[in-house]
Amino acid sequence: MNLSIVGSGYVGTTIAACFADLGHDVTAIDIDETVVSKLNDGVAPIHEPGLADLVKTHAGTSLRATTDYSAVRETDVTFLALTTPSNPDGSIDLSIMKAGTRSLGDALADKDDYHLVVVKSTVTPGTTGDVIRPLLEEASGKVAGEDFGVAMNPEFLREGSAVTDFLNPDKLVFGAEAARDYDLLEALYQPLIDRTDAPVVKTGLREAEMIKYANNAFLAAKISLINELGNICKAYDVDAYEVADAIGLDERIGPHFLRSGVGWGGSCFPKDVAALIAAARDTGYEPQLLQAAVDVNDRQPGRMLSLLDDHVDVSGKRVAVLGLAFKPGTDDIRESRAIPTIEGLLDRGATVVAYDPVATDNMRARFPDIEYASSAAAALAGAHGALVVTDWDEFAALDLEFDAMETPVVIDGRRIVSTREGITYEGLTW
């Protein structure tokens with residue numbers, strides 16, 4: 001099938017490469033000429049395991065990129081995979097989405113065949129039907145349901161494993177209003193359905209939009225709950241991880257997302273939970289549990305810093321921050337727990353030295369005046385304390401490197417460092 005994807009960010013690039021790998025002919029559309037050039041040269045514009053190989057393999061054949069929206073006329077289906085950043089109140093900013101939709105509608109004005117427009121971006125309930133559809137009709141001069149269809153197909157891609165998640169989905173959600181739109185989506189995903197036997201959920205537009213928010217809100221709340229329980233365990237000198245292992249055996253709870261620590265970040269959980277809270281408040285409903293999940297998450301970096309305060313007065317002293325990405329396997333620092341951690345250290349007058357395997361350049365743009373080390377060992381050398389914020393595998397192998405610290409105090413926010421004689425070790429929630 002011929003398909004086009006508007007937006008070549010994290011989601012757009014991943015699904016473009018994966019659809020090409022499924023055998024489809026894919027055209028990526030983006031206004032950034034640098035991104036377009038990279039894709040056409042076979043270079044992935046973002047860091048994501050497995051993505052570079054797919055882009056290199058399919059670029060120039062089943063995957064191409066352009067800045068010209070008219071390319072959609074040669075395709076059957078167009079995905080809108082544009083960013084929906086947060087407004088100050090947590091609601092989503094649809095300005096980029098609206099601009100892309102208008103450009104898409106302009107291009108579809110000169111297409112005779114039926115075309116399906118699929119919203120892939122995360123948008124609050126009602127957006128696809130009440131915002132995207134009217135804009136397409138206005139710009140194209142065509143009638144939804146007759147000349148073109150609209151659908152919602154939320155993504156469930158985790159940074160650091162997005163390619164694997166796409167090719168091995170837990171579920172596929174198709175939100176639409178017409179049988180032929182469901183049929184087009186099913187035909188598009190048929191190679192993946194045949195390969196994985198993934199369950200397909202066929203539902204309405206608003207339900208599909210809400211499923212994505214409900215999915216992320218539930219997981220974020222689960223993490224905050226295990227962090228709250230971990231904080232209580234810490235107060236009672238109880239090993240939170242032993243407790244989590246036991247409760248995870250209950251099939252009603254399950255073992256996933258039960259590693260207590262310094263909290264969640266990234267591009268999805270913070271933005272989606274904030275957007276759902278804002279949307280709920282717009283209806284007059286106060287989502288107290290979701291707000292509590294955010295509050296617990298926001299407190300975790302401060303709790304880690306307070307544990308360091310118990311052992312070291314960091315004013316004027318060198319402190320190592322290990323891990324800057326919000327999670328391992330990505331260079332994304334959006335809402336990383338390292339950001340409030342570094343801010344707290346600077347407020348205390350510490351000299352911060354930071355290290356991350358891949359996210360240093362991104363964090364340097366946020367904190368240009370702190371020191372960035374070329375290795376964990378270099379960051380630890382001469383430090384009076386160390387805070388482990390991201391659970392990169394290489395941190396689990398650290399041992400003798402701690403002996404080079406001036407004061408070997410280690411506050412582990414991810415339970416990845418092994419304790420031993422000669423280290424003053426504190427786990428955040430255990």
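The model is predicted: local features need pLDDT of at least 70, side-chain atom pairs count only at pLDDT 80 or more, and totals for chains, interfaces and linings use all residues. Residues are numbered from 1 along each chain as its sequence is written, and side-chain values use heavy atoms, with hydrogens and water left out.

**Nonpolar cores**
- The largest nonpolar core has 49 residues, and those with the most contacts inside it are Leu308, Leu322, Leu324, Leu345, Met363 and Phe395. (A core is a set of buried Ala, Val, Leu, Ile, Met, Phe, Trp, Tyr and Cys residues joined through side-chain atoms within 4.5 Å; buried means under 20% relative accessible area, exposed over 50%, partly exposed in between, with a 1.4 Å probe and protein chains only.)
- Among the elements that give two or more residues to this core are α11 (288-309), β9 (318-322) and α12 (338-347). (Helices are DSSP runs of H or I with at least four residues, strands runs of E with at least two, numbered from the N terminus.)
- Beyond its neighbours within four places in sequence, Leu308 is in contact with residues including Val319, Leu345, Leu387 and Ile411 (contact means heavy atoms within 4.5 Å).
- A second, separate core of 43 residues includes Val11, Ala17, Val55 and Ala81.

**Surface patch**
- Leu225, Leu229, Ile232, Tyr236, Val238 and Val243 form a nonpolar surface patch with about 550 Å² of accessible area together. (Patch residues have over 30% relative accessible area and no salt bridge; nonpolar side chains, namely Val, Leu, Ile, Met, Phe, Trp and Tyr, are joined within 5 Å, and like charges within 9 Å. Areas come from the Shrake-Rupley method with a 1.4 Å probe, and for residues only the protein chains shown count as cover.)
- Helix α8 (residues 205-235) gives the most to the patch, with three residues.
- Leu225 lies in helix α8 and counts as exposed because its relative accessibility is 51%.

**Salt bridges**
- The structure holds 21 salt bridges (a side-chain nitrogen of Lys or Arg within 4 Å of a carboxyl oxygen of Asp or Glu).
- Asp239 and Arg415 form a salt bridge (2.8 Å, N to O). Asp239 is in the loop between α8 and α9 and Arg415 in the loop between β13 and β14, so the pair ties together parts that are 176 residues apart in sequence.
- Arg334 pairs with Asp332 at 2.7 Å between the closest N and O atoms; Glu159, Asp332 and Arg334 are linked in a network of salt bridges.
- Asp332 is buried at 7% relative accessibility, whereas Arg334 is partly exposed at 44%.

**Backbone**
- Most residues other than glycine have a negative phi.
- Phe257, in the loop between α9 (240-247) and α10 (269-282), has a positive phi of about 60°.
- Arg415 has a positive phi of about 50° and is partly exposed at 30% relative accessible area.
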